[in-house]
Amino acid sequence: MLVAFSVSPSGGDDSGGVGAAVAEAVRVVRESGLPNETNAMFTNIEGEWDEVMAVVKRAVDVVAVAAPRVSLVLKADIRPGHTGQLTAKVERIERELGT
C-alpha cells in the first residue's frame, strides 16, 4: 500500500512555525526503513498495512510531544500484491509524457 500523509501540530512555535515538529515526524518515517519520500505537501510511504500505519502513528506521537492537538491528513492507495509503486507510478506517467 502507498500512503501519503501530512501531520502537523495545530499550533506553531513562537514564530508560528511547525517545521521542527514536522521534521521529527519525517525522521520517524526515514528511520522506519520503509520506502518513502517527502515533498512540500506530504510524506509518502510504502509497505504493508500494519507497518505503514504503525509508522504514521509514531509520526503523530512525536508531533504530539510538541503540541496537545495534532492534525493528520492521510490518503491511501491499497493495492494488494503490488510493491515498488512509490516510484513505478511516477515512471509510468513519465513514459506517457515521453520523458
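Phe-5 has Leu-74, in strand 4, as its bridge partner. Helices (H or I, at least four residues) and strands (E, at least two) are DSSP runs, numbered from the N terminus. The model is predicted: local features need pLDDT of at least 70, side-chain atom pairs count only at pLDDT 80 or more, and totals for chains, interfaces and linings use all residues. Residues are numbered from 1 along each chain as its sequence is written, and side-chain values use heavy atoms, with hydrogens and water left out.

The pLDDT is the predictor's confidence in each residue, from 0 to 100. Its mean over the protein is 92, and 93% of the residues reach 70 or more. Confidence is highest in strand 3, at 98, and lowest in helix 3 (residues 85-97), at a mean of 92.

Strand 1 pairs with two others, where pairing requires that DSSP finds at least two bridges between the strands. Eight bridges join strand 1 to strand 4 in the antiparallel sense. Strand 3 also runs antiparallel to strand 1, with four bridges between them; here Leu-2 has Glu-46 of strand 3 as its bridge partner. Seven of the eight residues of strand 1 are buried, so this strand is largely enclosed by the rest of the structure. Buried means under 20% relative accessible area and exposed over 50%, with partly exposed in between (1.4 Å probe, protein chains only).

Val-52, Val-55, Val-56, Ala-59 and Val-63 are its buried residues. Seen down the helix axis, they fall within an arc of 100°, so they line one face of helix 2; the arc is that of the directions from the axis to the C-beta atoms. The face turned away from this side carries the exposed residues Asp-50, Lys-57 and Val-65.

The buried residues of helix 2 pack against strand 1 (2-9), helix 1 (19-31), strand 3 (43-46) and strand 4 (70-77). Contact means heavy atoms within 4.5 Å. Not counting residues up to four places away in sequence, Val-55 touches Val-28, Val-29, Ser-32, Leu-34 and Ile-45.

A nonpolar core is a set of buried Ala, Val, Leu, Ile, Met, Phe, Trp, Tyr and Cys residues joined through side-chain atoms within 4.5 Å. The largest has 15 residues, of which Val-3, Phe-5, Ile-45, Val-52 and Val-55 touch the most other members. Strand 1, helix 1 and helix 2 each supply at least two residues of this core, and helix 2 gives the largest share, five residues.
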